[in-house]
Amino acid sequence: NAAEQSAGSIFTSAQQQANTNNIKDTLYREWQFGILPFIGTNGQLSGNVINDYSLNLFGGYSLGNRKLEISGLFNVTRGDVTGAQFAGFFNVSGGNLNGAQFSGFTNTIRGNVTGLQMAGFVNLAWGNLEGAQFAGFVNTVRGKSNGAQFAGFVNTCIDTVIGFQGAGFVNFSNKFTHGAQLAGFA
């Protein structure tokens with residue numbers, strides 16, 4: 001998808017992008033160690049590999065992650081994330097999350113979240129949320145939220161909230177809420 005490709009393209013060369021776009025095989029690895037995208041044990045094929053475990057000094061780029069991914073700064077995943085993902089700055093996934101994401105700044109999932117997102121600043125789920133979001137500033141769910149959102153400033157849900165929203169300033173549900181909303185302002 002466009003968001004994941006543009007995030008990945010910041011850290012990749014034209015040749016690396018061509019490999020990711022043109023090679024249709026999916027590779028599976030138990031372990032991956034890297035420094036930056038395409039500088040690690042998966043080399044030029046990082047965007048075509050689903051890893052069980054991925055440890056990256058600065059940042060990682062992969063097709064998917066099945067158990068654990070840890071990076072000093074960022075993780076960019078083209079597909080699904082299962083298990084846990086930790087980054088000092090941001091996590092971006094083009095697929096679904098079934099597990100947990102933790103970052104110092106932002107977590108973005110293009111699909112659905114089943115589990116937990118915790119970020120120092122912003123969590124964004126483009127699909128539905130089945131679980132919880134905790135952010136220092138904003139949580140946003142573009143689909144339905146079935147669970148809880150806790151934010152220092154604003155929680156938004158473009159569809160229906162079934163559960164709880166707690167924010168320092170504003171909670172918003174575009175359709176209706178079955179549960180509770182607590183906010184300092186509205």
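**Strand pairing and nonpolar cores in a predicted model**

Thr140 has Thr156 of strand E16 as its bridge partner. The structure is a predicted model, in which local features require pLDDT of at least 70 and side-chain atom pairs count only at pLDDT 80 or more, while totals for chains, interfaces and linings use all residues. Residues are numbered from 1 along each chain as its sequence is written, and side-chain values use heavy atoms, with hydrogens and water left out.

The protein chain contains 2 helices and 19 strands; helices (H or I, at least four residues) and strands (E, at least two) are DSSP runs numbered from the N terminus. Two strands are said to pair if DSSP finds at least two bridges between them. Strand E14 (residues 138–141) pairs with E16 in the parallel sense over 4 bridges. E16 also pairs in the parallel sense with strand E18 (residues 170–173), again over 4 bridges, and in E18 the partner of Thr156 is Phe172. Strand E16 (residues 154–157) is covered on both faces: Val154 and Thr156 are buried on one side, and Asn155 and Cys157 are buried on the other. Buried denotes under 20% relative accessible area, exposed over 50%, and partly exposed in between (1.4 Å probe, protein chains only). In a regular strand, side chains alternate between the two faces of the sheet.

Parallel pairing also links strands E3, E5 and E7. Strand E3 (residues 49–56) is joined to strand E5 (residues 64–71) by 6 bridges, with Asn51 opposite Asn65 in E5. E5 is in turn joined to strand E7 (residues 81–87) by 5 bridges, the two running parallel; in E7, Ala87 is the bridge partner of Ser71.

Of the 186 residues in the protein chain, 47% count as buried. A nonpolar core is defined as a set of buried Ala, Val, Leu, Ile, Met, Phe, Trp, Tyr and Cys residues joined through side-chain atoms within 4.5 Å. The largest such core has 9 residues: Val81, Leu97, Ile109, Val113, Ala125, Leu129, Val141, Cys157 and Val161. Apart from it lies another core of 6 residues, including Tyr61, Phe74, Phe90 and Val92. Contact means heavy atoms within 4.5 Å. With neighbours within four places in sequence left aside, Ile109 is in contact with Ser93, Gly95, Asn96, Leu97, Gln101, Gln117, Leu124, Ala125 and Trp126. Among contacts in the protein chain with a separation of 6 or more, residues 24 or more positions apart account for 8%.
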